[in-house]
Amino acid sequence: MTAEDGLPSETGPATWSTWDRSGTAEGVRTLRPQTVEQLSEAMAAAAAAGLSTRVTGAGHSFSLLAQPQQLRLDTSELVGLQEVDRPGRRATFLGGTPLIQAARELDSCGLAFSNLPDTLHQSIAGAISTATHGTGAGFQSLSGQVVALTLVLASGEIVECSLTQRPELFQATRAGLGVVGVIAAVTVQCEDSFRLHSAEFNESLEPLIAGLGERMASADHFELYWNPGSDSAHTHIMSRLHRLPSEWSAPGSRMAQGVRRSDDAVLRRALPAALNRLAGAAPRAIPGLRRLDSLSLSSRRYTDLSYKVFASSRPVKFLQTEWAVPLEQLPETFREVQKVLEREQADLGLPLSVRCSAPEETWLSPAHARYTGWITVRQFWRRWRPETFEALEEVFLAHDGRPHWGGRHNLQAEQLRPMYAHWDDFLAVREQADPRGLLLNDTARGLLGL
């Protein structure tokens, strides 16, 4: 077979782009398998043709890690719940399943993810591959909730791995950046469906940051949002209401639900989107627009199914840098970030967010072996200032920060390697799984020093 031959599951040339529109690839040959067997056949044919392949899920990444160069493997049709072990509280999904679909299907089985990120558009395999996380000092990222994987290697071979079966391959792939193997199916350790009580408040910034560690430790799930120049922050405390009674139905009256939906649609989605467009057209109006934007983060309380509370809508296209720092350094790091943003009069477009997570065993998780505080800085995609992200990078590095694999940063292998105790172990497993480097692109080679 030659590179010109049609490949199994090939759909023809397509255009690929990241969600934030900062990275594109035109006219890329595309494979779109619907089953694990089709995926295996496609990978074997691509390997025989000597084509490098990158897997693309939802494209909800801000780096070029998934950018295809010769062949794109689109997993958008490799979706669905494959198996449920209700007594063991485990579920297996195909790798392209969007998180929102997975959460809904779990709920229909009386189960739930223990924790979820604040947006559910990603594919489950893509979120795992970059160690995408939610918040809660007692809860790990999605990678930490995975108990078994079905992989298709670059050769087309189908392999199973877990903590007890090929454990090194398992640890490398749980946050494997898509360079070890293609995640065909994921088995997740779940828990019984539960509700979250959401309490949102506007609080004075300085005492909040001074007591940040205590606030995070005392809540099941805690996060805060802050706009540069403001002396207050918006806090979000999520409390777990564990078991759902059998007669439970949607919370609140129809009027209450209608008010909340209107609040979400108008103040928390439409208003930020409109203000960012206005700011792009009239930059001098930004200070006044920020005051209007504060309306989108009003105080409120409500209770709902966990996945509906963990996640929020993202109506505005933005670029993002996110860093993981030791939790004990989080207050000091925040203050240094605050100085940079206020010094540069940075126009973020969206508030900075602060979250936390538990230590993980996963080799390349930014939360590996330490309690972690996460700081996320977003800028509207039309007004992105790279120099702001570069200045912030210096701050995070000074506080032992590790970048989120899906976020914007400028680090390469020589800087990343000292951050991870199992870096060389990861490279050894990757080499064994894909000795020809068919799952690499230029970005991955730079990150890994290959």
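Helices (H or I, at least four residues) and strands (E, at least two) are DSSP runs, numbered from the N terminus. This is a predicted model, in which local features need pLDDT of at least 70, side-chain atom pairs count only at pLDDT 80 or more, and totals for chains, interfaces and linings use all residues. Residues are numbered from 1 along each chain as its sequence is written, and side-chain values use heavy atoms, with hydrogens and water left out.

Now select strand S2, residues 24-31, together with S1. These two pair in the antiparallel sense over 3 bridges. Two strands pair if DSSP finds at least two bridges between them.

Move to S4. S2 and S4 run parallel, joined by 3 bridges. Pick Arg29 and look across to Leu71 in S4, which stands opposite. On the S3 side, S3 and S4 pair in the parallel sense over 4 bridges. Select Thr56 there: its bridge partner in S4 is Asp74.

What covers the faces of S4? Both are covered: Leu71 and Leu73 on one side and Arg72 and Asp74 on the other are all buried. Buried means under 20% relative accessible area, exposed over 50%, and partly exposed in between (1.4 Å probe, protein chains only).

**Second stop: Asp118**

Select Asp118, in the loop between strand S7 (111-112) and helix H3 (124-129). Is Asp118 buried or exposed? Asp118 counts as buried because its relative accessibility is 8%. Now show Arg378. The side chains of Asp118 and Arg378 make a polar contact at 3.4 Å. A polar contact is a pair of N or O atoms within 3.5 Å; within protein, one must be able to donate a hydrogen and the other to accept it, and residues adjacent in sequence count only if both atoms are side-chain atoms.

Most residues other than glycine have a negative phi. Select Ala131, in the loop between H3 and S8. Its phi is near 55°, a positive value in a residue other than glycine. Ala131 counts as buried, at 1% relative accessibility.

Then jump to Ala369, in the loop between strand S17 (352-357) and strand S18 (372-380). Here too phi is positive, near 65°. Ala369 counts as exposed, at 59% relative accessibility.

Select helix H4, residues 167-174. This helix is mostly covered, with 6 of its 8 residues buried. The buried residues are Leu169, Phe170, Gln171, Ala172, Thr173 and Arg174. What covers them? The cover includes H3, strand S8 (146-152), strand S9 (158-162), strand S10 (182-189) and helix H13 (423-433). Contact means heavy atoms within 4.5 Å.

**Fifth stop: aromatic rings**

Rings of Phe, Tyr and Trp (its six-membered ring) pair if their centres lie within 6.5 Å; planes under 30 degrees apart count as stacked, over 60 as edge-to-face and the rest as tilted. By this rule the count comes to 7 aromatic pairs. Select one of them, Trp323 and Phe396: this pair is stacked, 5.4 Å centre to centre with 10° between the planes. Trp323 lies in strand S16 (residues 318-326) and Phe396 in helix H11 (residues 386-398), so the pair ties together parts 73 residues apart in sequence. Trp323 is buried, with a relative accessible area of 1%. Phe396 is buried as well, at 0%.

Next, select Trp405, Tyr420 and Trp423, which form one aromatic cluster.

**Last stop: the whole chain**

Zoom out. The chain holds 14 helices and 19 strands. Of its 450 residues, 57% count as buried. Among contacts with a separation of 6 or more, 72% join residues 24 or more positions apart.
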